[in-house]
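Visitor: I am new to this structure and would like a close look at a single part of it. Please take the sheets and go through them strand by strand.

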Amino acid sequence: MNNLYCSLFIIALCVGLSNAVVKMKNSVHFMNSLGGNNVLKIHCISDEDDLGYHLLKPREIYEFSFYDSVMGTRINCDVAQGIEFRFHAKFMAYKGGGLIGHYGKMNFWFCRDDGIYFTHGKDDPKLEYKWVPTMPLTWHRLLTDMNLFSQ
């Protein structure tokens, strides 16, 4: 009986390892395709992790990879550029997982002067989001946001 359990354990271990080798991680890639010397700031948050802030010089790439969660995977990102990062866009950079997991899915985001472009790598990138100007932080805005100043 011990030999049977031992054999089943070894078979289960082999199947588990073979599945781990076959499953490729999903990935998200950002490229700073802005003109001039514009720096791109990226901040992404997944359901499980805050991936931190990253500054990209022109033509630099920031990328990360992961496995889909059984509960579903969502990665929301905020990208900003321009003087004092006054132009930004917030969007879901990746959505997947759940009952139907993805393996090897690639999301490419190109941040250009006129907006943020997206492709899975099979087609030409398409414009998905325009840059939104951010209202500069002033004392009036700060006090209004804190409800200390009536308009």
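Guide: Strand β8 (residues 115–119) and β9 run antiparallel and are joined by 3 bridges. Strands here are DSSP runs (E, at least two residues), numbered from the N terminus, and two of them pair if DSSP finds at least two bridges between them. In this pair, Ile116 stands opposite Tyr129 of β9.

A note on the source: this is a predicted model, in which local features need pLDDT of at least 70 and side-chain atom pairs count only at pLDDT 80 or more, while totals for chains, interfaces and linings use all residues. Residues are numbered from 1 along each chain as its sequence is written, and side-chain values use heavy atoms, with hydrogens and water left out.

Both β8 and β9 belong to an open sheet of 5 strands, in the order β4-β1-β7-β8-β9, with mixed pairing. The edges are β4 (61–66) and β9 (126–129); each has a single partner strand, so one side of each is left without a neighbour in the sheet. On average, neighbouring strands of this sheet are turned by 25 degrees against each other, direction ignored. For that angle, axes are lines fitted to C-alpha atoms, for helices over the stretch in contact, and angles run from 0 to 180 degrees between N-to-C directions.

Another open sheet has 5 strands in the order β3-β2-β5-β6-β10, with antiparallel pairing. At its edges stand β3 and β10 (132–133), each with a single partner strand, so one side of each has no neighbour in the sheet.

Strand β2 (residues 40–46) is joined to β3 by 5 bridges, and Leu40 stands opposite Leu56 of β3. Strand β3 covers residues 50–56 and includes Asp50. Asp50 also gathers with Asp47, Glu48 and Asp49 in a patch of negative charge on the surface. Such a patch is made of residues with over 30% relative accessible area and no salt bridge, like charges being joined within 9 Å. The areas come from the Shrake-Rupley method with a 1.4 Å probe, and a salt bridge is a side-chain nitrogen of Lys or Arg within 4 Å of a carboxyl oxygen of Asp or Glu.

Next along the order, β2 pairs with strand β5 (residues 73–81) over 7 bridges, and Cys44 has Cys77 of β5 as its bridge partner. Gln81 is the bridge partner of Phe87 in β6. β5 and β6 form a hairpin with 5 residues between them, and in the turn Gly82 has a positive phi of about 95 degrees.

Notes: Patch = residues over 30% accessible without salt bridge, like charges linked within 9 Å, V, L, I, M, F, W, Y side chains within 5 Å. Lys, Arg positive; Asp, Glu negative; His and termini not counted. Charge placed at Lys NZ, Arg CZ, Asp CG, Glu CD. Helix = DSSP H or I, 4+ residues; strand = E, 2+ residues; numbered from the N terminus.
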